[in-house]
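Thanks for making time this morning.

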Amino acid sequence: MNALLTILFNGLAYGVLLFIIAVGLSVTMGMMQFVNLAQVSFSMLGGYVMVTAMESLGLPFLASLPLAFVAVAVFSVVLERLVLRHFYDTDDLTQVLLTLGLVFMSISAVAFFWGPSFRPVTVPSWLSGQEPVLGLMLERYRIFLLVAGALIALVLVLGLERTRFGAMVRACVDNRRAASGCGMNTSAVFALTFALGGGLAGLGGALSANLLSLDPNFPLRYLVYVLIVVSVGGMGNIFGSLLAALLIGVADVVGKYYVPEAGGLFIYLLTVLIMMWRPQGLLGRKV
């Protein structure tokens, strides 16, 4: 029983990482109807920013996390202003091809600047090792991830539900044309939301660098996972993304532990069943 509970805990921690990486894409797709596959490249960039800050600048682990968020947020909004905003009104295939091209460009750029090999990350001693919790020996870093994920989800929900900017975002989600007609600067709202989503992806990449392999192929390994989280949770729904990420994380870890030969079969089977039951996602709205 203890072994099963530990595996479930590890799956939840993995799901939290997927949530942090994917939630920005869920919001931007829900609001802008823009398919940005480059979200996973933002995550990879966040991981490399953190590694560079720790190795070259000598910053501690916790100080490098907000730096990764800010750096990727700035980069993503510059990319949005210079390139992506010109493709908002194009069809889905054009957006997919454009952002998929950006993914492959990011892989080549990272391999050029940081090299093709795996980059290890050293966390502080107080985040290393295990901690006894209710009779279970749990990894401290995974406990840290669960706490960080809960705080991020809470801040996002409160930010979108209780602030003026959140009201503007929700207005654009409901009806972009009506919001623009009421005098709202939807372009600025889109840019800020894109920066927030990119920053969260960068933070997710930084947090995941200690558990997941950080190398130029990072986007290709986790692109499908991010799309599954967004689709299963429902576009634009934070709680839906969190629930989907936790389900996918647990299914993936449990499946690979007990039936390693099946690989990722369980998450794809779970995805198919949920999408057959609710095509709009667990908490998505019917169109």
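This is a predicted model: local features need pLDDT of at least 70, side-chain atom pairs count only at pLDDT 80 or more; totals for chains, interfaces and linings use all residues.

Does Ser208 count as buried or exposed? At 0% relative accessibility, Ser208 counts as buried, where buried means under 20% relative accessible area, exposed means over 50%, and partly exposed is what lies in between, with a 1.4 Å probe and protein chains only.

Residues are numbered from 1 along each chain as its sequence is written, and side-chain values use heavy atoms, with hydrogens and water left out.

Back to Ser208, which is found in helix 8, residues 186–208; helices (H or I, at least four residues) and strands (E, at least two) are DSSP runs, numbered from the N terminus. Once its neighbours within four places in sequence are set aside, Ser208 is in contact, meaning heavy atoms within 4.5 Å, with Leu17 and Phe218.

Now the chain as a whole. Its secondary structure comes to eleven helices and two strands, and from the N terminus on the elements run α-α-α-α-β-β-α-α-α-α-α-α-α. Along its principal axes, the C-alpha trace spans about 60 × 45 × 35 Å. With 287 residues, a compact globule would have a radius of gyration near 19 Å, and the chain agrees with this because its own value is 19 Å; the radius is taken over C-alpha atoms, and the globule rule is 2.2 Å times the number of residues to the power 0.38. Buried residues make up 49% of the 287 residues, and among contacts between residues at least 6 apart in sequence, 75% join residues at least 24 apart.

What does the interior look like? Not counting residues up to four places away in sequence, Phe19 touches Gly149, Ile152, Ala153, Leu156, Ile238, Ser241, Leu242 and Ala245.

Ile7 is found in helix 1 and is buried, with a relative accessible area of 6%; leaving aside its neighbours within four places in sequence, Ile7 is in contact with Val253, Val254, Tyr257 and Tyr258. Gly249, for its part, is found in helix 10, residues 238–258, counts as buried at 0% relative accessibility, and, with the same exclusion of sequence neighbours, is in contact with Gly11, Tyr14, Gly15 and Leu18. As a contrast, Leu227 in helix 9, residues 218–233, counts as partly exposed at 29% relative accessibility, and beyond its neighbours within four places in sequence Leu227 is in contact with Leu25 and Leu37.

On a 1 Å grid over the protein atoms alone, a cavity is a set of points where a 1.4 Å probe fits but cannot get out, a pocket is an open set with protein on both sides within 12 Å along at least five of seven lines, and lining residues have an atom within 4 Å of a point. Grid points are joined across faces, edges and corners, and a volume is the space filled by probe spheres set on the points.

A search of the whole structure finds one cavity of 30 Å³ or more, and about 60 Å³ of space lies in the largest cavity. The elements that give two or more residues to its lining are helix 1, helix 5 (140–162) and helix 8, with the largest share, four residues, coming from helix 8.

The second largest pocket has a volume of about 290 Å³, and of the 14 residues that line this pocket, the closest to its centre are Phe75, Leu102, Met105, Ser106 and Ala109. The largest share of this lining, seven residues, comes from helix 4.
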